[in-house]
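Welcome, and please take a moment to turn the model around before reading on. The paragraphs below will walk you through it step by step.

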Amino acid sequence: MMSENEKLPYSRRDFVKTAVKSAVVTSVAMTGFPTIVPASVFGKNAPSNKINIGQIGCGRIARTHDLAETFKYDKARIVAIADLDGNRLKSGKQLVEGWYTKKTGNSNYIDIKTYDDYHDLLANKDIDAVMISTPDHWHAQPAIEAALAGKHIYLQKPTSLTIEEGRMMSDMVRKSGVTFQLGSQQRSVNPWPQFKRACELVRNGRIGKLQSVQVGLPSDPAGGVATEMPIPANFNYDMWLGSTPYIYYTQDRVHSQTDPESRGGWLRLEQFGAGMITGWGVHHIDIAHWGMNTEHTGPIEIEARAEFPKNGLWNVHGDYEVHAKYANGVNMVMNSKNPNGVRFEGSNGWIFVSRGNVGVTSTDPGSGGKDNKAFYASDPAILTSKIEANEIHLYESPEQHGNWLDCIESGKATISPAEVAHRSCSACLVAHAAMRSPKKLYWDPNKEVFKDNAEANKLLSRPQRYPYGTNYILDKKS
């Protein structure tokens, strides 16, 4: 997507058309399938009944969530990992091989291939799918490149650093036909069935006409050690910075060199993301959109205030409040004061839903708390109301990674496809733009531009440092 005032060297439509042509139309096998589609996913007659997966990024979320969940499925097999940190690459290999050794009793069951550049992993034709568990500024680009390579994609949220590259990513996934899943696991009934239940109750009118949605998200603290440090010999720091500007290395800007399961400092820096408004916001806005039936659109008016640190290394927003209005008349309020979760308010009552005392990882701020209730309403009878056969029944996914694997086999859409994922992220990025704007913004969710606001439209994209970034993907292909 491009703003009304700034044009890229090529249009988004040209990008998708050219990229798909170069990746897909180059050769078609006699079977009728494009050669970029791995043969191993075509069902019972395939040479292997396993879906071979490459893990891109082997830090906190990969280890404690994505790999841990995927290990549970016999139809999947982790065969490779890629990471820019040699220490994480080595320990990631040990982690995966150790798990398979324990499961099979055979220490030679698998030799995990390791790559210090994920492009080499994508070039491996034995790999059918990838899980991308990288920092936020390295989400959209590898997802686009994986789609070009014909790999199915499980992408950690948020989908993108900017709305422009998120649009590119969604368009490319659609054109390539690969199976995409976002790590918005609150949609799946395991481990949190209350989110789907809440959205079904709202969509079926159990609280009357939906009027407003209150969203509570945590915020990040200021701080961080800003002292310049030598770049570790095991770490490709230049590539890790990717499309963002070059800046000197300090560990609190990146991640721990000793604890791969700790929360990285990059989460608290605007160079690499937007802070909690996308970090947790994509999860809760995704649920709000599901309950509001606005999964393929976004707000039309938005205004916000936010506090930003005045000193220290970390500079993402602190306490904030965002007011957004949707075309269906629903008003959404997002702030750091509301309880962590989503409250749907209607003409006849309200429903609150959250994760309760359960978090994804122990280092997630605001992910739990002993007194947190996961699911309650203005009238307890609302929660036990029966949804009849002729009413709205939302997509049911037992578990997010399992749903992705099932859909790779069946060819069906996942519970969190690329366009829905992009819209959840773009609503958060629009909110972040409003934090930086002194006045109300008017958003066109169809054209994905701010109306009559050139300054706000500059926030839809960022300059990209060559040779990294979505703008240069085609340069690498040529």
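A salt bridge, as the term is used here, is a side-chain nitrogen of Lys or Arg within 4 Å of a carboxyl oxygen of Asp or Glu. Keep that in mind as we go, and remember too that what you are looking at is a predicted model.

Let us begin with the whole chain. It has 15 helices and 15 strands, and 58% of its 478 residues count as buried. Among contacts between residues at least 6 apart in sequence, 72% join residues at least 24 apart.

Aspartate 220 forms a salt bridge with arginine 268, where the closest N and O atoms are 3.3 Å apart. Aspartate 220 sits in the loop between S7 and H8, while arginine 268 is found in the loop between H8 and H9, so this pair ties together parts that are 48 residues apart in sequence. Both of these residues, aspartate 220 and arginine 268, are buried. Aspartate 220 has another partner as well: its side chain meets that of arginine 263 in a salt bridge, at 3.1 Å from N to O. Arginine 263 also belongs to the loop between H8 and helix H9 (276-279), so here the parts tied together are 43 residues apart in sequence. Like aspartate 220, arginine 263 is buried.

By the same rule, the count comes to 25 salt bridges. One of them joins the side chains of glutamate 448 and arginine 167, at 2.8 Å from N to O. Glutamate 448 lies in the loop between strand S14 (441-444) and strand S15 (449-450), and arginine 167 lies in helix H6, so the pair links parts that are 281 residues apart in sequence. With a relative accessibility of 1%, glutamate 448 counts as buried, and arginine 167 counts as buried at 7%. The two are also part of a network of salt bridges that links Arg167, Asp171, Arg174, Glu419, Arg423 and Glu448.

Helix H6 (residues 163-176) packs against helix H13 (residues 418-435) at an angle of about 175°, with the axes 9 Å apart. Angles over 145 degrees count as roughly antiparallel, and H6 and H13 are therefore roughly antiparallel to each other. On the H6 side, the residues that meet H13 include Arg167, Met169 and Val173, and on the H13 side, Glu419, Arg423 and Leu429 are among those taking part. The residues of this contact divide into 6 nonpolar, 4 polar and 3 charged.

Met169 has a further neighbour to show you. Alanine 140 is in contact with Met169, and also with Thr159, Ser160, Glu165 and Thr470, leaving aside neighbours within four places in sequence. Alanine 140 belongs to helix H5 (residues 140-148) and is buried, with a relative accessible area of 0%. The C-alpha atoms of alanine 140 and glutamate 165 are separated by 6.3 Å, although the two residues are 25 apart along the chain.

We finish in the interior. In soluble globular proteins, nonpolar side chains tend to be buried together. Here the largest nonpolar core has 121 residues, and Ile153, Val213, Met332 and Phe344 touch the most other members. H13 gives the most to this core, with 11 residues. Take valine 213 as an example: beyond four places in sequence, its contacts include Ala288, Met292, Val330, Met332 and Phe344.

Conventions:
Residues are numbered from 1 along each chain as its sequence is written. This is a predicted model: local features need pLDDT of at least 70, side-chain atom pairs count only at pLDDT 80 or more; totals for chains, interfaces and linings use all residues. Side-chain values use heavy atoms; hydrogens and water are left out. Axes are lines fitted to C-alpha atoms, for helices over the stretch in contact, and angles run from 0 to 180 degrees between N-to-C directions. Helices (H or I, at least four residues) and strands (E, at least two) are DSSP runs, numbered from the N terminus. Angles under 35 degrees count as roughly parallel, over 145 as roughly antiparallel, 65 to 115 as roughly perpendicular and the rest as oblique. Contact means heavy atoms within 4.5 Å. Ala, Val, Leu, Ile, Met, Phe, Trp, Tyr, Cys and Pro count as nonpolar, Asp, Glu, Lys and Arg as charged, and the others, Gly among them, as polar. Buried means under 20% relative accessible area, exposed over 50%, partly exposed in between (1.4 Å probe, protein chains only). A nonpolar core is a set of buried Ala, Val, Leu, Ile, Met, Phe, Trp, Tyr and Cys residues joined through side-chain atoms within 4.5 Å.
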